[in-house]
Amino acid sequence: MPKPIVLHLGDPIAYNHDLYNGPFSERFTIIRNEDLTRESFIEALKSNKYGSITALLRPHFASGNEMSPWDPHLISLLPPSMRIFSSAGAGYDTVSIPSLTERGIYYTNGAGASDEAVADTTLYMILSVFRHFTASQIAARSGDPARFLDCHRNLAGISNNPRGKVLGLIGLGRIGALVAKKARKGLGMEVVYFDKVRLDGGEEREQEMGVRWGGGLRGVLEVADVVSVHCDLNPGTKGLIDREKIGWMKDGVRVVNVARGGVVVEGDLVEALQRGKVSAAGLDVHESEPVVDERLVGMENVTLTTHVGGGVVETRMEFERLAMENILAVVGEDGEVSGEPLTAINGGT
């Protein structure tokens, strides 16, 4: 019996060679994708170039998405043999999950792999927006002694310790919960949260975690000294933090986003920063990345990074491993579904 076919998208395996060359290669026939444009990939699917593909493996978040977006048209061209699209990374805003679900195809991501790194990045952003570290870095790098001394003398007058301040979390999934733990234990912050669903166990479970239910999005935004975004980008969260929501926040609030740029209406945030409603912001993600709003670039009270919240070797290793293990968990030797994936975003066959 021929082995099920896995189409490998993107760069070669970099870390988990024993898994790839061992159990994974023993179970599947692995074919590397050669069609590196959307147009050529579509033609390859139409001509059945790669045969009866059972799974798509995308083990690196930075490569293998040349054919994006995975919209209904592209997904409709996948062969009937497809069982799972297993991808590295956490986000899936370029993939039509309903279209995959309609076809009975699982979509899995690297959920959990980047939690520690993203949570640590959030703490960095929280510290930076309270202490204005970006302004200090700019002054130190200017090479201007007068600017250095001016920053040294005056920055303390607008900076604060985060201890005792209220951290408002928008989303209390794995990353949000880890941020809450680190911020509470490490920085001495009070944590209030909003999520589409309150924690199972209600107040008792919240007390165990050291968080407080905000009673709704407005209830969180009205009391937070710093608002930190930790939700997926989907039709329900796109543009969630806009002019109206910023208006609910305290004057002088800080805003941190390490989730997805599209959750925050960047133009509304810029306006709020310009008029002082928001005193500082920390953004690892951007609405039009890799393009960063030029107005933000010129603001010393805004910390900007290049979507590297989860960018550590440990994350890449785990993304890669999970991408393969999800396929191993789902696809049997006969190419049929034989089990449940580890990190499913949807339901499959």
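Start at Pro69, in the loop between S3 and helix H3 (72–76). Helices (H or I, at least four residues) and strands (E, at least two) are DSSP runs, numbered from the N terminus. Select Ser68 as well: the peptide bond from Ser68 to Pro69 is cis, with omega near 10°. This is a predicted model, where local features need pLDDT of at least 70 and side-chain atom pairs count only at pLDDT 80 or more, while totals for chains, interfaces and linings use all residues. Residues are numbered from 1 along each chain as its sequence is written, and side-chain values use heavy atoms, with hydrogens and water left out.

**The five-stranded sheet**

Now colour strands S1 to S5. They form an open sheet in the order S2-S1-S3-S4-S5, with parallel pairing. Two strands pair if DSSP finds at least two bridges between them. Strand S2 (29–32) and strand S5 (106–108) are the edges, each pairing on one side only. On average, neighbouring strands here are turned by 20° against each other, direction ignored. Axes are lines fitted to C-alpha atoms, for helices over the stretch in contact, and angles run from 0 to 180 degrees between N-to-C directions.

Zoom in on strand S1 (residues 5–8). Four bridges join S1 to S2 in the parallel sense. Pick Val6: Ile30 in S2 stands opposite.

Next, show helix H1 (residues 17–27). H1 packs on the sheet and touches S1, S2 and strand S3 (53–58). Contact means heavy atoms within 4.5 Å. The direction of H1 makes about 120° with that of S2.

**A salt bridge**

Select Lys49 and Glu34. Their side chains meet in a salt bridge, at 3.2 Å from N to O. The term requires a side-chain nitrogen of Lys or Arg within 4 Å of a carboxyl oxygen of Asp or Glu. The pair links distant parts of the chain, 15 residues apart. Lys49 sits in the loop between helix H2 (38–46) and S3, and Glu34 in the loop between S2 and H2. The whole structure has 21 salt bridges.

**A helix-to-helix loop**

Go to His132, in the loop between helix H5 (115–131) and helix H6 (133–141). Check the backbone: phi of His132 is near 55°, a positive value in a residue other than glycine.

**The seven-stranded sheet**

Colour S6 to S12. This open sheet has seven strands in the order S8-S7-S6-S9-S10-S11-S12, with parallel pairing. Strand S8 (211–213) and strand S12 (302–304) are its edge strands, each pairing on one side only. Neighbouring strands are turned by 20° against each other on average, direction ignored.

Focus on strand S10 (residues 253–257) and strand S11 (residues 278–283), which run parallel and are joined by five bridges. Asn257 stands opposite Leu283 in S11. Bring up helix H12 (residues 266–274), which packs on the sheet and touches S10, S11 and S12. The direction of H12 makes about 140° with that of S11.

**The cavity**

Keep Asn257 and Leu283 selected. Both line the largest cavity, along with Gly261, Val264, Glu266, Leu269, Val285 and Glu287. A cavity is a set of points on a 1 Å grid over the protein atoms alone where a 1.4 Å probe fits but cannot get out; lining residues have an atom within 4 Å of a point. Its volume is about 30 Å³, taken as the space filled by probe spheres set on the points, with grid points joined across faces, edges and corners. The count is one cavity of 30 Å³ or more.

**Last stop**

Finish at Pro290, in the loop between S11 and helix H13 (294–297). The peptide bond from Glu289 to Pro290 is cis, with omega near 15°.

Notes: On a 1 Å grid over the protein atoms alone, a cavity is a set of points where a 1.4 Å probe fits but cannot get out, and a pocket is an open set with protein on both sides within 12 Å along at least five of seven lines; lining residues have an atom within 4 Å of a point.
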